[in-house]
Amino acid sequence: MKINKPSLNFWQIFNMNVGFLGIQYSFGLQQTAINPIFLYLGAPEDMLPILNIAGPVTGLIVQPIIGAMSDKTWSERWGRRKPYFLIGAILGSLCLFAFPTSPVLWFAVGLLWILDVGNNMAMEPYRAFVGDKLPEKQLSLGYQMQSLFVGAGILLANGSIVLFQYLFGGESVEVAGTIPTWLYYSFYIGAILSITTILWSVLKTSEIPPTSEELVEINKVKAKPFSERIALPFIEIAESIKKMPKFLWKLGAVYLFQWYALFIYWQYTTPLFKLTMGYSTGEAASQSAQMSLTYNIVTMVVALALVPLSVKYGGKKIYALSLVGTAISLFAIPFIEDPILVLVPMVLFGIGWAAMMGIPYTMVSKVVPQERRGVYMGILNMMIVIPMGIETLTFGPIYKYLLSGNAVNAMLFAGAFFVIAAVFAMRLNVNDKERVVEL
């Protein structure tokens, strides 16, 4: 039975996506502040990839399982997706409060694992949540609105790092094995935002009840023994992968190179600026935050503008072109030594980031069925974390032996991978036979 979904106005779509602000603030801290913390606590540069393996592993395990579980959840009071991203936000908030007080490296690494579980638990159902609520004609707006909040959350995270380093970092002396106190404040803000923004969306947005057929299936699952209910998500994931539309396999090829390259960028901007500009770790972390701040401002500005462009020229072309622009930005950054001029390539990076965070999800929502939207969004995120996992396991030796332990070479390597991703993106086509979304 197809669900007749009413169109929502701009502010209703805005309210349902506000929770993404807190989730992405947390991810912004992971992109910019976590690796400097590892360096402060004594981690060598070639160990940064493996220390970040928590993200890929938790994403690979948590997101598809939570997606499958949320597909088979319904509560008259709490809904289908909202219980999961509310619990994830609470867990993430607790970790953000504790993170900057990490006394030793292993403690910080352990907290990153827990933080990633919380963030993944919150984010995956959110992607399905938008697909659940919106009719096909509004999917592009819904996911680009999420892209806007991706930019806003990461912008606030990095803006806070730049601000607090400027206000309080200059007077502090870096001590090996110690995290500077100015970095604490960004994490405390993130802890508050993580829970308050999720609560905003939970209280402001209702969920569409399941159809009678879906409710029968949900009740069947509830009636099963506990052991079978635990195994069910794994079975459903396996079955969904077997039946996965060809479009998702093609997108997986794009994601392999795109997300491998992104992980390199996030890990090695701080070492890059220590090398090219002669900065201390704190100064390099602040410069890295300014880079992220710049590209996320651009993401916020262009995110909704990509909606009519994607409709007019096709999402595939806009997506591929944005990946080429991202590659150009990474090729340029290592050769610019001025801290202001080096922000200019971030315009292209920001356009690319806006496209990456919105266009693929719009495409996927058009080819997956409502009753399995959660599990397929989880599988899509598996396609994100698998390349990240490969990067954490392989790039350390590549960096040390093939790239001579040089962060400039690492950035050029990432740029080349974006070019390859753009080539694969031109193969993305949504066939009429695959368009099974409910109208």
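Okay, let's start with a charge on a ring: the charged end of Lys 204 sits over the ring of Trp 200, 5.0 Å from its centre. By "over" I mean NZ of Lys or CZ of Arg within 6 Å of the ring centre and within 35 degrees of the ring normal.

Quick housekeeping. This is a predicted model, where local features need pLDDT of at least 70 and side-chain atom pairs count only at pLDDT 80 or more, while totals for chains, interfaces and linings use all residues. Residues are numbered from 1 along each chain as its sequence is written, and side-chain values use heavy atoms, with hydrogens and water left out.

Now the inside. The largest nonpolar core has 103 residues, and Tyr 265, Tyr 319 and Trp 353 have the most contacts inside it. A core here is a set of buried Ala, Val, Leu, Ile, Met, Phe, Trp, Tyr and Cys residues joined through side-chain atoms within 4.5 Å; buried means under 20% relative accessible area, exposed over 50%, partly exposed in between, with a 1.4 Å probe and protein chains only. Which helix gives the most to this core? Helix 12, residues 246–276, with 17 residues. Helices, by the way, are DSSP runs of H or I, at least four residues, numbered from the N terminus. Apart from that core lies another, of 32 residues, including Ile 34 and Phe 164.

On to the aromatics. Searching the whole structure turns up 29 aromatic pairs. Rings of Phe, Tyr and Trp (its six-membered ring) pair if their centres lie within 6.5 Å, and planes under 30 degrees apart are stacked, over 60 edge-to-face, the rest tilted. Take Tyr 255 and Trp 259: centres 6.2 Å apart, planes at 80°, so edge-to-face. They are four residues apart in helix 12, about one helical turn, and both are buried. Trp 259 also pairs with Trp 353, with centres 6.1 Å apart and planes at 70°, so that's edge-to-face too. Trp 353 is in helix 16, residues 346–365, so this pair ties together parts 94 residues apart in sequence.

Last stop, Pro 56, in helix 5, residues 54–71. Pro 56 is buried, at 2% relative accessible area. Where does the chain come back to it? The C-alpha atom of Val 385, 329 residues along, is 4.2 Å from that of Pro 56. Leaving out residues up to four places away in sequence, Pro 56 touches Phe 263, Val 385, Met 388, Gly 389 and Thr 392, a touch being heavy atoms within 4.5 Å.

Methods:
Helices (H or I, at least four residues) and strands (E, at least two) are DSSP runs, numbered from the N terminus.
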